[in-house]
Amino acid sequence: MVDKAVCVPVDYFVNKFWPSPPGTGSPHIPINNPFTQIATLVNAKAEETDIEAAFAAAVEEHDLTPGLAFRKCAHKSSKDSTLKIDGAFHRTNNPDTPVPEDVELRPADQIVVVEFKRRGDECDPFSDDTDSCSEASSCENACGQITSTYAELAFAAQRRVAFFLLHVNGMNCRLTRWDRSGVVLTVSFDYCANWELFCQILWRMSQCSDEQLGLDPTAHRIYSSNPLYKFMDDMAQPRESDVEHESSHIDVNSLPRDGQVVYRYVRDLFKASLECDAPRYVLDVPDGTTTRQYLVGRPIFCAKGAMGRGTQAFAALDRQTGEFAWLKDCWRVAYFGIEPEGDVLQALNKAQVPHIPTLRCHGDLPGQRTVSPRVWRWAKKHDQLTEDGAASSRPPYDGDCPLRPHKHARLVVKEIGMPLRDCPTGKNLIHVISNCLIAHSMALKGPTPRLHRDISGSNIVMIPKLQRCKNGSWKVVWRGLLCDWELSKPVDAPIKSPRQPMRSGTWQFMSVALLNDHNKPVEICDELEAFFNVILYYAVRYFTSNLDEPQVGAFIDEYFDQFNCYDNEWRCGFRKEAVLSNGVLKTGDGTKVLFGRHMDSLLRKLLRWFHANHIVRTYQAELEQATPPAPLLPDPDEDDEDDAISASDEEGDARVESFSSLDIYYQKDITARIPTAKEYEDAAKVQTHDAFIALLDHFMNLTWPKDRDPSGDRYPMNKDHGSARIDRSTGQYSTKIKGSQSVPIIPLGLDNERTDDSDSEDDED
């Protein structure tokens with residue numbers, strides 16, 4: 001958090017974000033200090049609830065926020081979360097959202113949130129001392145509470161560009177503004193002593209529009225009085241023409257005559273997004289020079305965390321055509337050279353790359369760009385701040401702005417897929433992966449060859465297709481779709497330098513080589529290894545094997561989630577590297593992981609190829625790092641050993657061509673063993689897609705048993721295996737390792753990308 005916060009003077013914050021509205025007159029300032037009682041309570045060490053009540057009374061009795069009403073909500077959680085918010089301001093002039101009279105938590109209706117602490121600066125999650133925007137070490141829990149409880153909840157419950165929070169610490173207050181790049185905060189000030197200033201601030205806040213207070217102007221709330229509300233309810237109801245996606249045979253006469261096939265699970269997803277009084281919206285989506293509108297409820301997917309891309313995905317309804325579609329809302333990284341995902345999909349669709357989403361419309365939302373990076377650059381120019389609104393010297397800043405700029409973008413595609421966790425059999429899983437491998441290979445053969453660079457289980461979905469049988473009947477078959485091309489990059493990109501400061505990809509599925517070398521460019525073999533990891537993950541977690549539930553949980557944690565830390569860099573965990581180095585799929589206790597004949601044979605052969613690639617790459621890397629002496633010329637009369645190798649011996653040729661005859665003269669001892677001819681041959685099979693696709697085709701033609709585990713998900717939830725691992729409930733790594741010290745949190749998943757590109761203020765697009 002320390003590198004995501006920018007501390008500014010109070011007057012700068014208020015003038016920039018809550019400017020004085022023209023033509024509204026001046027605020028009514030009370031004759032006497034309305035916060036005197038709060039000062040008395042703080043000095044008497046009263047409870048936080050007493051301070052909250054006194055604050056609420058002061059705001060209401062003196063009408064400090066005309067148009068906004070403050071309500072306490074500290075002791076009532078929402079229906080969907082156990083997170084608590086102390087208090088919030090609500091609009092008083094909206095008949096569709098009456099101000100709550102109790103302490104019910106209604107995140108969708110809150111405008112500005114207030115957090116109360118009773119002990120003043122000692123409970124402040126930020127410090128104004130030597131590091132003007134650093135975290136106070138004794139207040140990490142408070143800072144975590146702010147981040148996860150307030151900003152994250154607000155971004156998830158509402159369609160927001162930014163989020164404002166007042167942090168009241170006893171008699172001190174700090175104003176904060178959160179966006180997807182970072183948080184801008186003021187120095188802490190005594191609002192009881194400077195009560196006239198604070199009254200003006202509250203008045204200015206109340207005079208701001210919803211847009212000025214962070215709400216998204218391209219997201220229009222749909223209330224129950226709106227006819228669109230009933231239209232959404234009607235479209236959520238099942239139809240006789242809906243196709244049952246789990247059916248083996250389909251009556252063609254039951255299909256809609258207009259050709260718009262709707263699968264039951266699609267309508268079910270849309271219906272689920274409207275339940276529990278979820279707020280509904282009309283979202284504007286750019287479409288060239290025009291704008292299309294889609295109706296949405298609660299997001300089907302919502303990335304964790306208050307910062308980052310903030311990806312949310314919806315089962316959406318086209319307002320004009322009534323067709324269902326998949327709408328992705330995210331804050332894309334706005335560096336020069338990074339293409340919008342919509343542009344990438346448009347090019348891939350034009351090149352007729354199969355098994356990828358079909359683009360409907362997309363674009364950046366006008367004027368919606370994160371502000372905190374620009375504030376950081378302003379603050380950097382003002383290294384000295386005064387005591388009353390500008391505390392001490394700022395910490396040194398190395399390099400460019402640590403706050404990555406983001407632009408708000410929306411994208412709509414035709415297909416609404418199902419996650420891989422719903423894959424019914426191992427054969428279906430292999431078929432889906434095969435389709436995505438074909439998409440990956442065809443993307444490399446198009447007019448602009450590109451690598452996906454984020455192969456993961458979340459970026460592969462299943463879609464049903466109607467297929468005609470030989471007897472004339474129809475059945476539903478499952479196909480794969482390779483999604484989320486946002487982090488893809490052309491192979492021959494004119495900009496060879498990194499576009500962002502961190503590695504691209506999802507940690508659990510990345511190759512060992514990429515995890516251990518953050519400067520390594522992504523290659524085909526790395527992407528294929530990620531596909532292998534996807535097959536392995538879903539096989540272990542959802543299909544029958546010889547592992548019991550605790551072993552399944554331990555293996556998933558050890559292989560996919562663990563990491564090691566060397567020289568302040570996170571590297572591949574021990575289990576994944578051990579499996580690749582030894583070429584044997586074993587758990588930490590030495591148990592071989594077994595499923596059934598076909599899955600075992602497939603994984604064993606794939607692992608042999610990637611094991612060989614690891615051996616060859618390790619050996620070649622040591623050769624490159626070794627320093628050769630002056631060349632020793634051979635005796636011209638002496639026969640070269642290599643001449644004895646038959647030209648028809650392809651394995652021998654492959655081995656000989658892979659390293660120089662001078663290797664034995666390198667001064668540095670090479671610890672890696674020399675690969676065998678067979679290993680060179682196997683390693684070559686993962687340098688292109690052909691062998692992988694052919695292998696999957698072979699196994700798809702076999703008869704597979706019903707291998708889906710009856711329990712569904714075999715991962716033991718809420719079980720701590722005492723390792724440095726990702727917390728599956730939050731999508732972030734836990735900070736404690738059994739038997740070791742705390743380590744920094746590594747955010748992972750669809751929202752928190754690792755990109756291998758450098759960051760520059762001048763490179764923003």
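Me: In this predicted model, where is His408 found, and why does His408 count as buried?
Reply: His408 is found in strand β18, residues 406–413; its relative accessibility is 1%, and since buried means under 20%, His408 counts as buried.

Me: What makes the pairing of the His408 and Asp329 side chains a polar contact?
Reply: The two side chains come to 2.8 Å, and a polar contact requires N or O atoms within 3.5 Å, so the pair qualifies. Asp329 is also among the residues that His408 touches, including Asp216, Trp331 and Asp364.

Me: Why is the pair Phe35 and Phe55 called stacked?
Reply: The ring centres of Phe35 and Phe55 are 6.4 Å apart and their planes stand at 25°; because rings pair within 6.5 Å and planes under 30 degrees apart count as stacked, the pair is stacked. Phe35 lies in the loop between α1 and α2 whereas Phe55 lies in helix α3, so the pair ties together parts that are 20 residues apart in sequence.

Me: What makes the pair Tyr538 and Tyr542 stacked, and how do you know that Tyr538 is buried?
Reply: With centres 5.7 Å apart and planes at 15°, Tyr538 and Tyr542 meet the limits of 6.5 Å and 30 degrees, so the pair is stacked. Tyr538 has a relative accessible area of 10%, which is under 20%, so Tyr538 is buried.

Me: How do you know that Arg280 lies over the face of Tyr229?
Reply: Arg280 is placed at 3.6 Å from the ring centre of Tyr229, where the distance limit is 6 Å, and it is listed as lying over the face of that ring.

Note on methods: Residues numbered from 1 in each chain as written. Predicted model: local features only at pLDDT ≥ 70, side-chain atom pairs only at ≥ 80, totals over all residues. Heavy atoms only, no water. Helix = DSSP H or I, 4+ residues; strand = E, 2+ residues; numbered from the N terminus. Buried < 20%, exposed > 50% of the residue type's maximum accessible area, 1.4 Å probe, protein only. Polar contact = N/O pair within 3.5 Å; in protein donor to acceptor, adjacent residues only side chain to side chain. Contact = heavy atoms within 4.5 Å. Phe/Tyr/Trp six-rings, centres within 6.5 Å; stacked < 30°, edge-to-face > 60°. Lys NZ or Arg CZ within 6 Å of the ring centre and 35° of its normal. Lists of a residue's contacts leave out its neighbours within four places in sequence.
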